[in-house]
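Hi,

Here is the structure I promised to pass on.

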Amino acid sequence: RRWLSEVPPLSAEEEAAIVRSCAPAVRVQLATVYAASALWKLNSSFAEPRRSCAAVFALQMLEHLPPAVTATPLPALMAAAAPALVLLVETAIPALLLAPCCWAGVSSALSFHLAIAACPPPNNIASFGATTVPRLFFWIPEEAAAALREAAGPRPLAAVAMAAAAAIATTLAPLHSRARSTIQGSGHDWHLCFLVWLAVPLAAAALV
């Protein structure tokens, strides 16, 4: 192990060269994951709201809304539209990510993961977004690196990112107090806070 301590750190140019060399493979891999997810949902069970997990996720979001809203026809409409909407989103994301202008794909993927991460337990899969969203870095590496440096320092973007994460933690903590994460186990699931903190600079970078 001694030789490891003697290896000099990579220069900024070398790090950038590594990112540029592996970015095409990472982009294709992630776009394929989204496309495959949409492909596997092309079946009669997913399309049927009474059996579709999309309807379950959509209706769970109503737990964040007051009873005056849930007592309306909104739940039935959400359940009916959820399968088609999820298929549309998961088909659009890989197409937008592979388009020449990728900002729409990055923004769509961020929105998708934030939406499913906000679901109350047991379907809050923020850990999925926390492990997937960092790969969006490879679509906008220079812009994302600059935004992440700003988010980690005493800059306005850092304040926005931390305030957003704190607001999410405060608002959703009661609903997520019994969350289970396949990564961190039982207890409070903090993946959503990390995902929100990461989404702010990535969104800022995508919209530059």
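This is a predicted model: local features need pLDDT of at least 70, side-chain atom pairs count only at pLDDT 80 or more; totals for chains, interfaces and linings use all residues.

Residues are numbered from 1 along each chain as its sequence is written, and side-chain values use heavy atoms, with hydrogens and water left out.

Overall fold first. The protein chain has 11 helices and 2 strands (DSSP runs numbered from the N terminus: H or I of at least four residues for helices, E of at least two for strands). From the N terminus on, the order is α-α-α-α-α-α-α-α-α-α-β-β-α. Of the 208 residues, 38% are buried (under 20% relative accessible area with a 1.4 Å probe, protein chains only; exposed is over 50%, partly exposed in between). Among contacts with a separation of 6 or more, 68% are between residues 24 or more positions apart (contact means heavy atoms within 4.5 Å).

Now the cores. A nonpolar core here is a set of buried Ala, Val, Leu, Ile, Met, Phe, Trp, Tyr and Cys residues joined through side-chain atoms within 4.5 Å. The largest has 29 residues, and L97, V106, L110, V133, L136, W139 and I140 touch the most other members. Helix 2 (12-40), helix 6 (74-97), helix 7 (103-117), helix 9 (141-151) and helix 11 (191-206) each supply at least two residues of this core, with helix 11 giving the most, 9 residues. Setting aside residues up to four places away in sequence, V133 touches L110, H113, L195, L198 and L202. There is also a second, separate core of 5 residues, including F46, A54, A58 and A82.

A pocket is an open set of points on a 1 Å grid over the protein atoms alone, where a 1.4 Å probe fits, with protein on both sides within 12 Å along at least five of seven lines; lining residues have an atom within 4 Å of a point. Volumes are the space filled by probe spheres set on the points, which are joined across faces, edges and corners.

- The largest pocket holds about 500 Å³. Of its 20 lining residues, F57, V86, F112, A115 and I116 are the closest to its centre. Helix 6 gives the largest share of the lining, 5 residues. By class, the lining has 17 nonpolar, 1 polar and 2 charged residues (Ala, Val, Leu, Ile, Met, Phe, Trp, Tyr, Cys and Pro are nonpolar; Asp, Glu, Lys and Arg are charged; the others, Gly among them, are polar).
- The second largest pocket holds about 180 Å³. Its lining includes E15, R20, E142 and R149, and helix 2 gives the largest share, 5 residues. The classes are 6 nonpolar, no polar and 4 charged.

In helix 4 (53-60), A54, A55, F57, A58 and Q60 are buried, and their cover includes helix 3 (44-47), helix 6 and helix 7.

Leaving aside neighbours within four places in sequence, T132 is in contact with L30, Y34 and H113.

Cheers
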